[in-house]
Amino acid sequence: MSNDPNAEVDSALVSTRSVEVVVMALLLCVAIFLGWDNWRIGAGWAPDGPQAGYFPFYLSVLLGGASLFGIFSALRSAELRDEIFVGRSAFGRVLRVFIPTVLFVLLVQLLGLYFSSFIFISAFMVFIGKLSIWKSMLTGLIFSALMFYIFDVQFNVLMPKGPLEAAFGF
């Protein structure tokens, strides 16, 4: 978000209060689940000291209390209701990075890490960075080859491989 008074006003997509209430509600759900699970395994005091869930149970109680306090504070705050958390154009810029990243994760499952990295880096440089295709492909190739050399050759770390690596015998 820009503090420039001459910048165009971006239409609000969601308010800060909405985001805070949703995040606090999710934290409250986590706290309830953790509290229940730790109560199930034992959150009391045994003859030899605290049971396994004693400290985590009380931490989840604290998390739940803080979440409730946050929900009520956010609902009471008028300034949070009017504050823009993210505008439409800013959210569009986030999606321009998020969607290709999700596609990269899916491609890793199909094509392996190295070839997917080549595609991801090259496409990012062309479409987001507006660089020439040959520079983008060269950078993607060098990065993927260097990553292969470091992880597979030098460290012998098992990374997800696809059909291209299998064709070369790796």
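Tutor: Buried means under 20% relative accessible area, exposed means over 50%, and partly exposed is what lies in between. The model is predicted.

Student: Why is Arg81 called partly exposed?

Tutor: The relative accessible area of Arg81 is 44%.

Student: What makes Asp82 count as exposed?

Tutor: Asp82 has 58% relative accessibility, and the class starts over 50%.

Student: How do you know that the side chains of Arg81 and Asp82 meet in a salt bridge?

Tutor: The distance from N to O is 3.6 Å. The rule asks for a side-chain nitrogen of Lys or Arg within 4 Å of a carboxyl oxygen of Asp or Glu, so the pair of Arg81 and Asp82 qualifies. By this rule the count comes to three salt bridges.

Student: Why can such side chains pair?

Tutor: Side chains of opposite charge can do so when their charged atoms come close.

Student: What makes Lys161 and Asp152 a salt bridge?

Tutor: Their N to O distance is 2.8 Å, and the limit is 4 Å. Lys161 is partly exposed at 30%, whereas Asp152, at 13%, is under 20% and therefore buried.

Student: Where do Arg40 and Asp37 lie?

Tutor: Both are in helix 1 (residues 16-41), three residues apart, which is about one turn of the helix. Arg40 is exposed at 54% relative accessibility, and Asp37 is partly exposed at 21%.

Student: How do you know that Arg40 lies over the face of Trp36?

Tutor: Arg40 is 5.7 Å from the ring centre of Trp36. The distance part of the rule asks for CZ of Arg within 6 Å of that centre, and the rule also asks for a position within 35 degrees of the ring normal.

Student: Why is the aromatic pair of Trp45 and Tyr54 called edge-to-face?

Tutor: The angle between the planes is 80°, and planes over 60 degrees apart count as edge-to-face. The centres of Trp45 and Tyr54 are 5.3 Å apart, and the rule for a pair asks for centres within 6.5 Å. Trp45 is exposed at 60% relative accessibility, while Tyr54 is partly exposed at 21%.

Student: What makes the pair of Phe120 and Phe124 tilted?

Tutor: Their planes are at 55°. Stacked needs under 30 degrees and edge-to-face needs over 60, so the rest, tilted, is the label for Phe120 and Phe124. The ring centres of the two are 4.9 Å apart. Phe120 and Phe124 are four residues apart in helix 5 (residues 113-128), which separates them by about one helical turn.

Student: Is Ser122 buried or exposed?

Tutor: Ser122 is buried, because its relative accessible area of 8% is under 20%. Ser122 is in helix 5. Leaving out residues up to four places away in sequence, Ser122 touches Ser136, Met137 and Gly140.

Student: Which helix gives the most to the nonpolar patch?

Tutor: Helix 4 (residues 88-111) does, with seven residues. The patch has about 700 Å² of accessible area together, and Leu103 is one of its members. Leu103 is in helix 4 and is partly exposed at 48% relative accessibility.

Definitions and conventions: Residues are numbered from 1 along each chain as its sequence is written. This is a predicted model: local features need pLDDT of at least 70, side-chain atom pairs count only at pLDDT 80 or more; totals for chains, interfaces and linings use all residues. Side-chain values use heavy atoms; hydrogens and water are left out. Rings of Phe, Tyr and Trp (its six-membered ring) pair if their centres lie within 6.5 Å; planes under 30 degrees apart count as stacked, over 60 as edge-to-face and the rest as tilted. Buried means under 20% relative accessible area, exposed over 50%, partly exposed in between (1.4 Å probe, protein chains only). Helices (H or I, at least four residues) and strands (E, at least two) are DSSP runs, numbered from the N terminus. Patches are made of residues with over 30% relative accessible area and no salt bridge: like charges are joined within 9 Å, nonpolar side chains (Val, Leu, Ile, Met, Phe, Trp, Tyr) within 5 Å. Accessible areas come from the Shrake-Rupley method with a 1.4 Å probe; for residues, only the protein chains shown count as cover. Contact means heavy atoms within 4.5 Å.
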